[in-house]
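Trainee: I am new to this structure and would like a close look at one part of it. Could you walk me through the aromatic ring pairs?

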Amino acid sequence: MSGGQLAGFNGNLGHMGSEWHVAGAGDVNGDGTADIVWVDNRNDVEIWQMRGGQIAQFVHPTGHQGAEWQLKGVADFTADGRADLLWLGGVGGAQIWDVNGTQVTVLQPTTPPTVYNF
């Protein structure tokens, strides 16, 4: 991409059914290239680890969230050089999935956010 325009396309990236949507992109495996994070309507996750516009590996992390959860962000929340997945759900619930290969470590933030009223 170049801004909001497609600058080039390197082959067939694959196909996901209509129940899947892109939740975000981030360097999940720490190789310096952004990967594509997909989530389906059952909250299953699939990660396309990318290399030069091609899918280098499909990763389906273990773990599953209930219907009340939504995948809201893909970023390096744990400062380990790999993107993590931020889930929000329930009554103010939050979880961070620290993805390492096909394994997920679920982190429960312990400090609630500070709310400021202006």
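Trainee: To begin with, is Trp48 buried or exposed?

Mentor: Trp48 counts as buried, at 3% relative accessibility; buried means under 20% relative accessible area, exposed over 50% and partly exposed in between, with a 1.4 Å probe and protein chains only. Before we go on, please keep in mind that this is a predicted model, where local features need pLDDT of at least 70, side-chain atom pairs count only at pLDDT 80 or more, and totals for chains, interfaces and linings use all residues. Residues are numbered from 1 along each chain as its sequence is written, and side-chain values use heavy atoms, leaving out hydrogens and water.

Now to the rings. Those of Phe, Tyr and Trp (its six-membered ring) pair if their centres lie within 6.5 Å; planes under 30 degrees apart count as stacked, over 60 as edge-to-face and the rest as tilted. By this rule there are 3 aromatic pairs. In one of them, the ring centres of Trp38 and Trp48 lie 5.0 Å apart with planes at 50°, so this pair is tilted. Trp38 sits in strand S2 (residues 35-40) and Trp48 in strand S3 (residues 45-51), so their pairing ties together parts 10 residues apart in sequence. Strands here are DSSP runs (E, at least two residues), numbered from the N terminus. Trp38 is buried too, at 14% relative accessibility. Ring pairs also bring in Phe58, which forms a cluster with Trp38 and Trp48.

How values were computed:
Helices (H or I, at least four residues) and strands (E, at least two) are DSSP runs, numbered from the N terminus.
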